[in-house]
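User: Hi! I'd like to learn how to read a few features of a protein model. Could you take me through them one at a time?

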Amino acid sequence: IIKDLLSWIQDNLLKERPDLFLQDDSVRPGILVLVNDTDWELMDTVNYVIQENDRILFISTLHGG
């Protein structure tokens, strides 16, 4: 499930400030998650079961000044 992917990303990829990407058991508000070009809100968010060949994108809509 995507929740497991988020844990893996936190443990293996995020070197600094994981709080800028994760909040509790999900991504922070302002980060758009797409599964096969579809908003994950339509696919049960963190509970979506990842299928072979799924493409998952994380797009930040946040910006600094």
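Analyst: Gladly! Let's begin with accessibility: a residue is buried under 20% relative accessible area, exposed over 50%, and partly exposed in between. Keep in mind that this is a predicted model.

User: How does Gln23 count on that scale, and where is Gln23 placed?

Analyst: Gln23 sits in strand β1. Its relative accessibility is 36%, so Gln23 counts as partly exposed. Leaving aside residues up to four places away in sequence, Gln23 touches Arg28 and Pro29. As for Val49, 26 residues away along the chain, its C-alpha atom is separated from that of Gln23 by 20 Å.

User: Next, aromatic rings. How is a pair of rings described?

Analyst: Two quantities describe a pair of aromatic rings: the distance of the centres and the angle of the planes. Searching the whole structure gives one aromatic pair. Its members are Phe21 and Phe58, with 5.2 Å centre to centre and 75 degrees between the planes. Planes over 60 degrees apart count as edge-to-face, and this pair is edge-to-face. The pair links distant parts of the chain, 37 residues apart: Phe21 belongs to the loop between α1 (2-12) and β1 (22-23), while Phe58 belongs to strand β5 (residues 56-60).

User: Are Phe21 and Phe58 buried or partly exposed?

Analyst: Phe21 has 13% relative accessibility and so counts as buried. Phe58, at 27%, counts as partly exposed.

User: Which residues make up the largest nonpolar core?

Analyst: Such a core is a set of buried nonpolar residues joined through side-chain atoms within 4.5 Å. Here the largest one has twelve residues, among them Phe21, Leu22, Val33, Val35 and Trp40. Both α1 and β3 supply at least two residues each. To see the surroundings of Trp40, look at its contacts: Ile2, Ser26, Val27, Val33, Val35, Thr45 and Val46, again not counting residues up to four places away in sequence.

User: And the sheet: in what order do the three strands come?

Analyst: The order is β4-β3-β5, in an open sheet with antiparallel pairing. β4 (38-39) and β5 are at the edges with a single partner strand each, so one side of each has no neighbour in the sheet. Between β3 (residues 31-35) and β4, the antiparallel pairing runs over two bridges. In one detail of that pairing, Leu34 has Asp39 in β4 as its bridge partner.

User: Where does α1 lie relative to these strands?

Analyst: α1 lies across β3 and β5, and runs at about 60 degrees to β5.

Definitions and conventions: Residues are numbered from 1 along each chain as its sequence is written. This is a predicted model: local features need pLDDT of at least 70, side-chain atom pairs count only at pLDDT 80 or more; totals for chains, interfaces and linings use all residues. Side-chain values use heavy atoms; hydrogens and water are left out. Rings of Phe, Tyr and Trp (its six-membered ring) pair if their centres lie within 6.5 Å; planes under 30 degrees apart count as stacked, over 60 as edge-to-face and the rest as tilted. Helices (H or I, at least four residues) and strands (E, at least two) are DSSP runs, numbered from the N terminus. Buried means under 20% relative accessible area, exposed over 50%, partly exposed in between (1.4 Å probe, protein chains only). Two strands pair if DSSP finds at least two bridges between them. Contact means heavy atoms within 4.5 Å. Axes are lines fitted to C-alpha atoms, for helices over the stretch in contact, and angles run from 0 to 180 degrees between N-to-C directions.
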